Amino acid sequence: MVGKGGDDLEFCFERLVMGGDGRGRMEAGVITEWKDIPMELLLRIVSLVDDRTVIMASGVCSGWRDAICLGLTHLSLSWCKNNMNNLVLSLAPKFTKLQALTLRQDKPQLEDSAVEMIANYFHDLQDLDLSKSFKLSDSSLYALALGCPNLIRLNISGCSAFSDAALAYVTGSCRKLKILNLCGCVKAASNRALQAIGQNCSQLQSLNLGWCEDVSDAGVMSLAYGCPDLRALDLCGCVRITDESVIALANRCLHLRSLGLYYCQNITDRAMYSLAQSRVKNKHEMWESMKSRYSEEGLMNLNISQCTALTPPAVQAVCDSFPALHTCPGRHSLIISGCLSLTSVHCACAVQAHRTASQLSHPAH
């Protein structure tokens with residue numbers, strides 16, 4: 001929801017009720033008081049204002065509260081800089097139809113009691129952002145596993161207190177997960193947890209494992225074999241992984257579009273050639289099934305910054321195999337910062353631009 005503040009409610013009332021909304025004419029004077037607004041119109045009004053104003057509106061009267069509580073499906077409380085925990089405790093019994101809830105914090109406020117309340121009332125929840133909730137313990141994850149089995153997107157980045165046992169338990173209940181952010185979850189994101197994800201979350205499409213230093217090849221290989229529809233995987237700072245992880249991903253995750261290997265300094269040319277060869281191996285099958293989309297398939301983003309063992313021929317092979325990888329200005333999707341030896345690697349359009357510039361500078365006689 002978007003808006004400028006509490007005054008928006010009065011503005012929207014005047015625009016939609018007193019002046020008409022441009023779709024159906026409403027004569028001034030028919031509806032002159034807030035309590036007379038029909039539910040459908042009320043929900044249209046609150047869709048135009050910010051979430052803080054929606055919460056204020058729900059306290060105007062019982063009719064408004066009931067209408068908003070039944071109609072509200074998406075809510076963000078990230079604007080709340082103090083007492084977010086108490087706010088969640090008071091709102092949870094009201095907004096039982098929520099499907100998406102954002103509780104991102106600048107400073108840790110949420111406690112287990114709030115997440116347990118969410119799990120008790122938000123059984124239709126599909127999207128939950130708990131990032132930077134440093135105060136939460138495993139009790140929160142166990143509660144979510146029991147109360148929110150329909151989760152599709154879960155962001156617990158920075159929740160450093162969660163254990164791998166609790167995360168594994170969540171994956172056993174929330175098997176519809178497609179997007180999972182575990183960046184900075186140094187205790188939760190272990191090989192044991194990744195094995196559970198591979199066993200339970202076959203629909204997973206996006207996973208962020210940034211700076212989870214305990215992750216090794218065993219965990220990534222479990223993902224590759226158990227999550228064949230994986231589209232985006234961030235392994236930045238996972239310093240223990242080797243070429244074996246990339247090879248498994250190249251062979252098993254044929255829909256992979258984004259791969260982050262920043263600071264994975266055990267990655268060598270062998271991993272790059274496996275990515276390039278996976279493109280060649282699947283070329284004929286893909287060409288038959290989606291000829292017009294071939295150039296759009298395969299890797300579209302690859303971050304190999306600080307992977308200092310890589311050489312130009314291997315990285316150029318990957319770049320040549322995947323037309324969507326770019327090194328040209330404004331389209332950087334092959335990130336090679338910190339690898340001074342790779343400055344000679346260029347995408348096809350960068351090479352073409354260089355040729356065009358050369359032809360303009362030296363026209364044929």
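This is a predicted model: local features need pLDDT of at least 70, side-chain atom pairs count only at pLDDT 80 or more; totals for chains, interfaces and linings use all residues.

1. Asp-138 and Asp-164 are separated by 26 residues in sequence, while their C-alpha atoms are 9.3 Å apart in space. When neighbours within four places in sequence are left aside, the residues in contact with Asp-138 are Ala-161, Phe-162, Ser-163 and Ala-166.

2. Staying with helix 7, which spans residues 138-147, the residues to look for are Ser-140, Leu-141, Ala-143, Leu-144, Ala-145 and Gly-147, which are buried there. The cover over these buried residues includes helix 6 (112-121), strand 3 (127-129) and helix 8 (164-173).

3. Among the contacts with a separation of 6 or more, 77% are between residues 24 or more positions apart.

4. The largest nonpolar core has 107 residues, and those with the most contacts inside it are Leu-261, Met-272 and Ile-304. Helix 14 (residues 312-321) contributes the largest share of this core, namely 5 residues. As background, nonpolar side chains in soluble globular proteins tend to be buried together. Leu-261 shows how such a residue is surrounded, for its contacts beyond four places in sequence include Leu-235, Ile-241, Val-246, Met-272, Leu-302 and Ile-304. Asn-303, Ser-305 and Cys-307 are also in contact with Leu-261.

5. Helix 14 deserves a point of its own, because 7 of its 10 residues are buried and it is therefore largely enclosed by the rest of the structure. The buried residues are Ala-314, Val-315, Gln-316, Ala-317, Val-318, Cys-319 and Ser-321.

6. How do helix 2 and helix 4 cross, at what angle? The axes of helix 2 (residues 39-46) and helix 4 (residues 62-71) come within 10 Å and cross at roughly 65°, so the two helices are roughly perpendicular to each other. Their crossing is right-handed. On the side of helix 2 the meeting residues are Met-39, Leu-42, Leu-43 and Val-46, and on the side of helix 4 they are Trp-64, Ala-67, Ile-68 and Gly-71. Sorted by class, this contact has 7 nonpolar residues, 1 polar residue and no charged residues.

7. Helix 9 (residues 191-200) and helix 10 are packed at an angle of about 5°, and their axes are 8 Å apart, which means that helix 9 is roughly parallel to helix 10. Here Asn-191, Leu-194, Gln-195, Ile-197 and Gly-198 of helix 9 meet Ala-218, Gly-219, Val-220, Ser-222, Leu-223 and Gly-226 of helix 10. The contact has 5 nonpolar, 6 polar and no charged residues.

8. Helix 10 (residues 217-226) also packs with helix 11 (residues 243-252), at an angle of about 0° and with the axes 9 Å apart, so this pair too is roughly parallel. Asp-217, Val-220, Met-221, Ala-224 and Tyr-225 in helix 10 come into contact with Glu-244, Ser-245, Ala-248, Leu-249 and Arg-252 in helix 11. By class, there are 6 nonpolar, 1 polar and 3 charged residues in this contact.

9. Trp-79 is found in the loop that runs between strand 1 (74-76) and helix 5 (84-91), and is partly exposed, with a relative accessible area of 26%. Trp-79 and Asp-51 lie 28 residues apart in sequence, yet the distance between their C-alpha atoms is 8.6 Å. Asp-51 is also one of the residues in contact with Trp-79, together with Arg-52, Ile-55 and Leu-87, once neighbours within four places in sequence are set aside.

10. Lys-132, in the loop between strand 3 and helix 7, has a positive phi near 65°, and its relative accessibility of 36% makes it partly exposed. Trp-211, in the loop between strand 6 (206-208) and helix 10, has a positive phi near 60°, and with 37% relative accessibility Trp-211 likewise counts as partly exposed.

Terms used: Residues are numbered from 1 along each chain as its sequence is written. Side-chain values use heavy atoms; hydrogens and water are left out. Axes are lines fitted to C-alpha atoms, for helices over the stretch in contact, and angles run from 0 to 180 degrees between N-to-C directions. Helices (H or I, at least four residues) and strands (E, at least two) are DSSP runs, numbered from the N terminus. Angles under 35 degrees count as roughly parallel, over 145 as roughly antiparallel, 65 to 115 as roughly perpendicular and the rest as oblique. A crossing is left-handed if the near helix is turned anticlockwise from the far one by less than a right angle, and right-handed if clockwise. Contact means heavy atoms within 4.5 Å. Ala, Val, Leu, Ile, Met, Phe, Trp, Tyr, Cys and Pro count as nonpolar, Asp, Glu, Lys and Arg as charged, and the others, Gly among them, as polar. A nonpolar core is a set of buried Ala, Val, Leu, Ile, Met, Phe, Trp, Tyr and Cys residues joined through side-chain atoms within 4.5 Å. Buried means under 20% relative accessible area, exposed over 50%, partly exposed in between (1.4 Å probe, protein chains only).
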